[in-house]
Amino acid sequence: MAKKKNKNTSAPRKKISFSLSKQQKILLGSFLFLLGLAFLFSFISYFFTWQADQSEIGLLAERELQTNNWLNKFGANVAHFFIYDGFGISALIFGFLITLTGIYYFFDYAKKQLLKFWFWGMLLMLWISVFFGFFGEKTTLFSGIIGYETNDLMQDYLGLVGAMLVMIFILIVYLVVRLKLTPEMAIDAFRSSKKQIESEFVGDKKEVATVEKDTEESEEEKEEEIPEPYIEEKITPPTPPVAEKIILKSDVEGDVEMEVEQAPEEEEIENISAKLVKDFGEFDPKLELGNYKFPSIELLRDHTAGGSITIDQEELEENKNRIVETLNNYKIGIANIKATVGPTVTLYEIVPDAGVRISKIKNLEDDIALSLSALGIRIIAPIPGRGTIGIEVPNKNPRVVSMRSVIASAKFQNAEMELPIAFGKTISNETFVVDLAKMPHMLMAGATGQGKSVGLNAVLTSLLYKKHPAEVKFVLVDPKKVELTLFNKIERHYLAKLPDTEEAIITDTTKVIHTLNSLCIEMDNRYDLLKDAMVRNIKEYNTKFKNRKLNPNDGHHYLPYIVLVIDEFADLIMTAGKEVETPIARLAQLARAIGIHLIIATQRPSVNVITGIIKANFPARIAFRVTSKIDSRTILDNSGADQLIGRGDMLYTQGNELTRIQCAFVDTPEVADITEFIGSQKAYPDAHLLPEYVGEEGGTNLDINIEERDKMFREAAEVLVIAQQGSASLLQRKLKLGYNRAGRIIDQMEAAGIVGPFEGSKARQVLVPTIDALNQLLDNEQNDY
Ligand SMILES: Nc1ncnc2c1ncn2[C@@H]1O[C@H](COP(=O)(O)OP(=O)(O)OP(=O)(O)O)[C@@H](O)[C@H]1O
């Protein structure tokens, strides 16, 4: 089956391109379509009217003259030309081809098929016309002059029998090449119709079975019964498509011939995947936990004590008066003032009198704040995108924003994002939802007790409410061993861990280093998969995988997003320094396309924790309240975080603009309920396993005996030398080896001097440049041994 399919379609396509615009193609298409119809109408009516119109042929100049053809003089003359002077009845094929060409241009179909239609159509036309020629002059209307004369010519040279043999040969060519008939098919068709007749008479079921064996369709049916949607031979074309070469010769003397290589089209895989999708539906990564239920909104509580925001008119009035007064003291007139009441702060938007310089207000920021004498006043002069000045004043009775309200918001529920996070509400009371996949990494800092842990929980809760366990995995690092412990319950649903470890939540530094390096390996593996699949990012990769265009037998699999959360980053960087900084920076730099996202949180926002290299790679930053302007600048490159009021009041930036947000509040019992709800459902057998990482202590024994080498040693060496990449994961994929065996072979190769030493998360260097050099090296080794 598979073979046959390939034969049909593996022929490379030549692209024939007329550079017509879409509009021109539509116009040309319509014209040809109508012209074709005109021809067909003329031809058909000619058969009824030719006798009556005979004497009017050729008299086009006489305007008054009427003919009986449906298309009058035009029809009569054209039909006479094509039918009588041309090909007889088969001229209808010509009309049909013109119509078809019109349709092809109108819809802009691939023209290669059309060329085939023309070739075979013209041949058929000629054949029919010559065929009617056999019947002599009486049938000139059917054969046309061309058919008659060609026949005559053939008979003059070959005689009647010779001419008939030529005609039969052409007919066979048509049936075999165009209609792809084979003698077996003819015999099969004959047999099956015979058997069918027999079985109809005898009613013997057995015989039906034999018939099924013989016929082609039944083979197809049998194949469809196989439940495995990925069948090796189905998805992998057995012969790689060969590039087609066309040699362009030039008439210019002395000019060089140019070889034009046309890449073959890979349509076959598309067809097979389309068939697989048709037969089995798209691949559903959620199938394994098909009955998984997302936590319901009822698990979250409503923390808003006082219901919706109550606007305290008195407070508003009071603040307004103080602002106007203060500014007046500094001789700043106000043209207009507008208040927006948010959950924790109210924004007073001021339009100063004409002529007041904004920089003047900016300079007076501290004095104004002092005069208003409230904690947490932030002046935004000017508000970006508007010509106004903003003064944020904390509300006397701040309102808690419940996680429940942001999760239930339409903005979050309808968010078409890869990793949506509902952080809380902005100052204008809008739910603030961002896509972690777009950030792509986040740094969260703030002094202790200002809402960082709640913020992390809000992030994780958002993802739990929106993403199926198959779609996202968390790697949780929690040196304090308290904050994230609750997530242990969802280990087998949502967490990822190193193989051979008990706890998924990582609390000790060595394990963090191993995990980070393992994530780097995972990243490299994913990049290899993306390269193999010829896609640019995880989204395209997963779409292709779902459409069954990637074969799992080649190592492809659905890639869940991985979110690495590190709480108390400061502790980690203090104890492990470069050992964590380097892999984190590497991941942060490269991991966005392959769906690994980092969130690091720290309560010590100092420059030796949030180093330049970390900062440069974490564009999305969140600052909770900090104690000094310097800390604020360390986190945000801007002051402002020192003026926040705490309890989840935060500033978010993903580049330039700062957005003030009241972080949604989710309490520990709520997180416990959610994780309990998820944890009690059917889970995967284990947490998602990350690639094994062998630390440097697992080093190499360089005196490995040649006799003790792995059986696949030579093959493996060839793979690495060809790829010029010393990676164990490459061996795993290419040779379908386990991790440990691939690692051992690599060690043996290091001993043999084929690859260089271990270089952390980077692939080892391959020291042998070519296969010839490798063969030489291994042969010499044998001789020495
Ligand atoms: N978004 C919020 N809304 C209302 N109250 C909050 C919010 N976030 C935090 N709080 C209050 O602040 C307290 C401390 O918050 P949280 O535990 O998140 O601080 P933290 O910054 O993680 O502290 P630490 O660094 O010591 O762990 C909470 O118990 C809660 O009462």
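1. Gly446 sits in the loop between β9 (442-445) and α17. Residue numbers start from 1 along each chain, following the sequence as written. The model is predicted, so local features need pLDDT of at least 70 and side-chain atom pairs count only at pLDDT 80 or more, while totals for chains, interfaces and linings use all residues.

2. Gly446 is buried, because 30 other C-beta atoms lie within 10 Å. A residue is buried if 20 or more other C-beta atoms lie within 10 Å of its own, exposed if 12 or fewer, and partly exposed in between, with C-beta atoms placed from the backbone. Beyond its neighbours within four places in sequence, Gly446 is in contact with Gly451, Lys452, Gln603, Ala623, Phe624, Arg625 and Val626. Contact means C-beta atoms, placed from the backbone, within 7 Å.

3. Ala447 is also in the loop between β9 and α17. Ala447 counts as buried because it has 21 C-beta neighbours inside 10 Å. With residues up to four places away in sequence set aside, it touches Gln603, Arg625, Val626 and Thr627.

4. The unreviewed UniProt entry annotates a "binding site" over Gly446, Ala447, Thr448, Gly449, Gln450, Gly451, Lys452 and Ser453. UniProt positions follow the numbering used here, feature names are shortened, and annotations may be inferred rather than shown by experiment.

5. Now the ligand. There are 14 residues around it, and Gly451, Lys452, Ser453, Gly648 and Phe665 come nearest. A residue counts as near if its C-beta atom, placed from the backbone, lies within 6 Å. The shell holds four nonpolar, eight polar and two charged residues. Here Ala, Val, Leu, Ile, Met, Phe, Trp, Tyr, Cys and Pro are nonpolar; Asp, Glu, Lys and Arg are charged; the others, Gly among them, are polar.

6. Helix α17 (residues 452-466) gives the most to this shell, with three residues. Its 15 residues reach 22 Å from first C-alpha to last, close to the 21 Å expected at 1.5 Å a residue. The expected span is 1.5 Å times one less than the number of residues. Is α17 enclosed or open? 15 of the 15 residues are buried, so α17 is largely enclosed by the rest of the structure.

7. Helix α3 (residues 72-87) deserves a look. It has 16 residues and spans 21 Å between its end C-alpha atoms, close to the expected 22 Å. α3 bends by about 35° at His80. The bend is the angle between axes fitted to the seven residues ending there and the seven starting there. Just after α3, Gly88 takes a positive phi of about 70°.

8. His80 is also one of the buried residues of α3, including Ala76, Ala79 and Ile83. The buried residues of this helix pack against α2 (22-53), α4 (91-107), α5 (111-133) and α6 (140-178).

9. The unreviewed UniProt entry lists "transmembrane region" at residues 26-48, 81-105, 117-137 and 157-177. Residues 26-48 are 100% helix and 0% strand, with end C-alpha atoms 34 Å apart. Residues 117-137 are 81% helix and 0% strand, with end C-alpha atoms 30 Å apart.

10. Backbone geometry needs checking at several sites. The peptide bond from Met439 to Pro440 is cis, with omega near -10°. Pro440 lies in the loop between β8 (431-435) and β9.

11. Asn429 has a positive phi of about 70° although it is not a glycine. It lies in the loop between β7 (420-426) and β8. Asn429 is partly exposed because 15 other C-beta atoms lie within 10 Å.

12. Arg548, not a glycine either, has a positive phi of about 60°. Its loop runs between α20 (538-546) and β12 (561-566). Arg548 is buried, with 25 other C-beta atoms within 10 Å.

13. Ser359 is in helix α13 (residues 358-363). With 10 C-beta neighbours inside 10 Å, it counts as exposed. The C-alpha atoms of Ser359 and Ala381 are 7.7 Å apart, across 22 residues of chain.

14. Overall, the protein has 29 helices and 17 strands. Of its 785 residues, 35% are buried. Among contacts with a separation of 6 or more, 67% join residues 24 or more positions apart.

Key:
Helix = DSSP H or I, 4+ residues; strand = E, 2+ residues; numbered from the N terminus. Contact = placed C-beta atoms within 7 Å.
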